[in-house]
Amino acid sequence: MNAPIDTAIPLEIHDLTVAYHKKPVLWGVDLEVPAGQLVGIIGPNGAGKSTLIKACMGLLPRQSGWVKVFGQSLSDVPTRVGYVPQRESVDWDFPVNVMDVVLMGRYGRLGLLRRLGKADREVARECLERVKMLPYANRQISNLSGGQQQRIFLARALAQQADLYFMDEPFAGVDAATETAIVEVLGELRDQGKTLIVVHHDLPTARSYFDSLLLLNMNVVAFGPTEQVFTSENLQKTYGGRLTILSEVASTLGAEASGAPGRR
Amino acid sequence: MSELIPSFDWQRVMIDPWTLDLSLYGWIFLMGFCATAACGLVGNYLILRRMALMGDAVSHSVLPGLVIAFLLTDSRGTTPMFLGALVAGILTTVLVESIHRRTRVKQDAAIGIAFTTLFAIGVLLVSLFSNQIDLDAECVLYGEIAFVPLEPLVTLGGVELGPISLVRMVAVLLGVAVLILVFYKELLIASFDEALAKAMRINPTWVHYGLMAVLSVVVVSAFEAVGAILVIAMLILPGATASLLTDRLGVMHFIAIGHAAISAWLGVGLGVWLDCSIGAAMVVGGAFVFGVVWMGTLLTKLKRQRSKPQQSGATVSAPASVS
């Protein structure tokens, strides 16, 4: 639907610093994400994972540095960037149904004064089908499980038909079936040449889900292909040598031998 | 007891206002309906955005706006009053936003600071210039909808349209309806998911200020009829009732308008029966409708819970109203 992915770098960050109440939470971030990558952002709580993607989306003020999307400022190419916020960031009692939420993904393309058309509804239906939620299209959103809510958010992002996606903890609090379904869709998007930046909180699965990893703890500890970056040394640097985390890593390394979910 | 509450005369209360005295109560009903409907439509968004208190704030801070506009122009004409109220309403919004964004004071506290201060400034000005201002404080607080039929009628091209404040209220109601239709998706996404709205270059701050500007206009035009206090009820009751009955935003708007019609009709009846303030009676009518709907939802919930254990066997049923 979009023009073939061009050669411009999907996401380029230079010297990005973000502060809350004058306390920096993220500093000196330099990053260049190539196209067609499924990138996981991992790091401890308070490492600035969500802050990083919010700053990229222009949702938070930057203290310094710049972010370029496909070689341009985000405001020049808003429709090429999709966003999945954290599930808890919205009020799920809001009087809308599943279809309404997915259709919101189309608003960015509509512009002022224009209304949703048949084509938009068709796209929304397809996106719902891809996350296996089409039978729920007319369901009020408060009557959904956490996993279903997350799928709706993913469908809405799909409806944006973007080339670069930022996703804030799409696996938080979802059931196993949803997790598998989401991983599948993310893989499909990557295979279409789209770039996905995903905040992830679960270390053991991070290794198998993502092509590249960004280890973050207020600044970039490491960024690169997962097999190169996912080392106990890097993780120790990122998590500050917390024993529980390290034992998790040990169990991941052990699980690998016994056949953990294969890398896609 | 019979001296306290007048006897209910069906003919006098239910028939006469709509036949013999239609030229009087017709205008009052229409004014009450249009005011409540316009307030209800805007109020729906206040409720969804959890900003019900902003209605309270804007309706109070309109007072200094009116006083200052009066002092500056020395007239009580529509335009200066409207502009004064609008500026005051926007100012309240700006104050609330700046206080809670730039300091650690939370939004509810910021609202409490902003509107009470502005209202106090209004009171101060009224007392300072009391010899120049013939602003009836009681009218500002409670309004007087019964005066609507006494106003001069507006004529357009030889056709009598109606009392001036009603004509204004109808225009405002239509304006609100058109704005909601035109900006439906912007209002929806900015209220539901501010972050996504921002990412899509639909500026939620502008949506917020736009909504507050409309709120100010609605409040000041409903003001004369119902006053600063009762207007708050009209902002919240229709939407609150609608949110009990539906979970679709579009349907909510229609229910709010229906609620406005019923409460205006009940208000006229109650006002005639008890010979009391019709504006207040309309609010009581609206609250009564809310109460009936609430009871209805409680009953259906209870019914559902009764029938459930029978189907699924020995399910432990929790009481309906725990939450």
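Trainee: What should I know before reading the numbers?
Mentor: The model is predicted, so local features need pLDDT of at least 70 and side-chain atom pairs count only at pLDDT 80 or more, while totals for chains, interfaces and linings use all residues. Residues are numbered from 1 along each chain as its sequence is written, chains are lettered from A and ligands numbered from 1 in the order in which they are written, and side-chain values use heavy atoms, without hydrogens and water.

Trainee: What area is buried between chain B and chain A?
Mentor: About 2500 Å², with 67% of it from carbon and sulfur atoms. Of the area that chain B buries against chain A, B:Lys185, B:Phe192 and B:Met200 supply 29%, more than any other three residues. Buried area is the accessible area (1.4 Å probe) that two parts lose on being put together, summed over both.

Trainee: And how many salt bridges are there across the interface?
Mentor: The rule finds three between chain B and chain A. A salt bridge needs a side-chain nitrogen of Lys or Arg within 4 Å of a carboxyl oxygen of Asp or Glu. A:Arg156 and B:Asp193 form a salt bridge, at 2.6 Å from N to O.

Trainee: New topic. Is A:Glu179 buried or exposed?
Mentor: A:Glu179 is buried and has no salt bridge; A:Arg87, the nearest side chain of opposite charge, is 10 Å away. Buried means under 20% relative accessible area, exposed over 50%, and partly exposed in between (1.4 Å probe, protein chains only). Lys and Arg count as positive, Asp and Glu as negative, and His and the chain ends are not counted.

Trainee: What does A:Glu179 touch?
Mentor: Leaving out residues up to four places away in sequence, A:Glu179 touches A:Phe171, A:Val174, A:Thr205 and A:Tyr209.

Trainee: Why is helix H1 of chain A called largely enclosed?
Mentor: Because seven of its eight residues (49-56) are buried. Among them are A:Lys49, A:Leu52 and A:Cys56. Helices (H or I, at least four residues) and strands (E, at least two) are DSSP runs, numbered from the N terminus.

Trainee: Which loop holds A:Gln161?
Mentor: The one between helix H4 (146-159) and strand S6 (164-168) of chain A. Phi of A:Gln161 is positive, near 45 degrees, and the residue counts as buried at 12% relative accessibility.

Trainee: And B:Asp275, buried or exposed?
Mentor: B:Asp275 is exposed, at 69% relative accessible area. Its phi is also positive, near 55 degrees.

Technical notes:
Contact = heavy atoms within 4.5 Å.
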